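Biologist: I am new to this structure and would like to learn how to read it. Please take me through a few features, one at a time.

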Amino acid sequence: MVNIFNVKERHAVTEANTNFYFAPFVHPERRMAEHDFIYVLEGEWKIGQDEELFSLKKDSLLILGAGHLHFGVSPCSPNTKTMYFHATAKEGDLTAYRWNGSTEDEVFIESLTDCSQRESVKNIFSNIVNCKLQGEDKKANVLLDLLLCELSQKDSAEKNESVASKIKTIIHGSPEKIFSNRTLASMTSVSVKTAENKFREQFGVTIHQYVLAFKAEQAVAYFRNFPDMTVKEVAYNLGFYDEYHFSKQFKKVKNISPSAYKKQLLSPENP
């Protein structure tokens, strides 16, 4: 099933909480006038909506649509923990088995989403619950808009981001580390050969060449912004095990030693 939300109007969070079920518990059978958002923090649960059954596990997010029949299929596992909130339904909101495209006034979200690789979704959901519990209703409602946007973009974002782009993101996100090609391949769930080929096909350089160029530009930024920082300190900041190794790699890119480059960069004649 897919949920269609009218985003021309702001949905309001009406209730929110975190629940812990020490003993197995069956989700109540009911038909609500509001949307029911459930996020599983620990455990497993089977819940139904109309004629469709959903198997939830840790980091599953389920949206039960307003006006539809919700019911428990089987009890949750012992020690299950969930977050939930209810949100108002707006004209144009719809739960359907299929959809034929989107408009700028609507977002489309699958009823059940695996968020195990989407830490941002979990954080937004948690913030919605906390804001509502603390009486910060306006903030909770704004965060709900953000959550709907994030969920609607999930599938397309994952499909459109290539292996090569993911590798770039990993490199940029941890400038203090030097990853091996094997590690980068493992982190993007492909073979080393595939990672290397995909990267070169998209960016025209090898992973190693790109890393060296990236480290060199990071070093230049350190020289410019922190002139009192030594070359040795910059080397450590960028993940090199000593100043000699860093200097050797820097010179491959800039054709000059880092100490000489820094001296030129900070020269009064070079504003």
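Biologist: What volume does the largest cavity have?

Modeller: This is a predicted model, and in it the largest cavity has a volume of about 40 Å³. The count comes to 1 cavity of 30 Å³ or more.

Biologist: Which residues line the largest cavity?

Modeller: The lining consists of Leu212, Lys215, Ala216, Phe240, Phe246, Gln249 and Phe250. Two elements give two or more residues to this lining: helix 6 (207-225) and helix 8 (243-254). Sorted by class, the lining of the largest cavity has 5 nonpolar, 1 polar and 1 charged residues.

Biologist: How is a pair of packed helices described?

Modeller: Two numbers are used, the angle between the axes and the distance between the axes. Take helix 6 and helix 8: their axes cross at roughly 100° and come within 9 Å. An angle from 65 to 115 degrees counts as roughly perpendicular, so helix 6 is roughly perpendicular to helix 8.

Biologist: Which residues make the contact between helix 6 and helix 8?

Modeller: From helix 6 come His208, Leu212, Ala213, Ala216, Glu217, Ala219, Val220 and Phe223. Helix 8 brings Phe246, Gln249, Phe250, Lys252, Val253 and Lys254. By class, this contact has 9 nonpolar, 2 polar and 3 charged residues. Leu212, Ala216, Phe246, Gln249 and Phe250 are also among the residues that line the largest cavity.

Biologist: At what angle do helix 3 and helix 5 pack?

Modeller: Helix 3 (residues 163-173) and helix 5 (residues 192-203) pack at about 95°, and their axes are 8 Å apart. Helix 3 and helix 5 are therefore roughly perpendicular to each other. On the helix 3 side the contact is made by Val163, Ala164, Ser165, Ile167 and Lys168. On the helix 5 side it is made by Ala195, Lys198, Phe199, Gln202 and Phe203. The classes in this contact are 6 nonpolar, 2 polar and 2 charged residues.

Biologist: Is serine 189 buried or exposed?

Modeller: The cut-off for exposed is over 50% relative accessible area. Serine 189 has 67% relative accessibility, so it counts as exposed.

Biologist: What is the phi of aspartate 50?

Modeller: Phi of aspartate 50 is near 55°, again a positive value in a residue other than glycine. Aspartate 50 sits in the loop between strand 5 (45-49) and strand 6 (52-56). With a relative accessible area of 28%, aspartate 50 is partly exposed.

Biologist: Which residues is aspartate 50 in contact with, leaving aside its neighbours within four places in sequence?

Modeller: Those residues are Met1, His68, Leu69 and Phe71. A distance can also be read from the C-alpha atoms: aspartate 50 and leucine 64 are 14 residues apart along the chain, and their C-alpha atoms are separated by 9.9 Å.

Biologist: Where is proline 78 found?

Modeller: Proline 78 is in the loop between strand 8 (69-74) and strand 9 (80-88). Its relative accessible area is 48%, so proline 78 is partly exposed. Neighbours within four places in sequence aside, proline 78 is in contact with Tyr21, Phe22 and Pro24. Proline 78 and alanine 33 are 45 residues apart in sequence, and 29 Å apart in space from C-alpha to C-alpha.

Key. Residues are numbered from 1 along each chain as its sequence is written. This is a predicted model: local features need pLDDT of at least 70, side-chain atom pairs count only at pLDDT 80 or more; totals for chains, interfaces and linings use all residues. Side-chain values use heavy atoms; hydrogens and water are left out. Axes are lines fitted to C-alpha atoms, for helices over the stretch in contact, and angles run from 0 to 180 degrees between N-to-C directions. Helices (H or I, at least four residues) and strands (E, at least two) are DSSP runs, numbered from the N terminus. Angles under 35 degrees count as roughly parallel, over 145 as roughly antiparallel, 65 to 115 as roughly perpendicular and the rest as oblique. Contact means heavy atoms within 4.5 Å. Ala, Val, Leu, Ile, Met, Phe, Trp, Tyr, Cys and Pro count as nonpolar, Asp, Glu, Lys and Arg as charged, and the others, Gly among them, as polar. On a 1 Å grid over the protein atoms alone, a cavity is a set of points where a 1.4 Å probe fits but cannot get out, and a pocket is an open set with protein on both sides within 12 Å along at least five of seven lines; lining residues have an atom within 4 Å of a point. Grid points are joined across faces, edges and corners, and a volume is the space filled by probe spheres set on the points. Buried means under 20% relative accessible area, exposed over 50%, partly exposed in between (1.4 Å probe, protein chains only).
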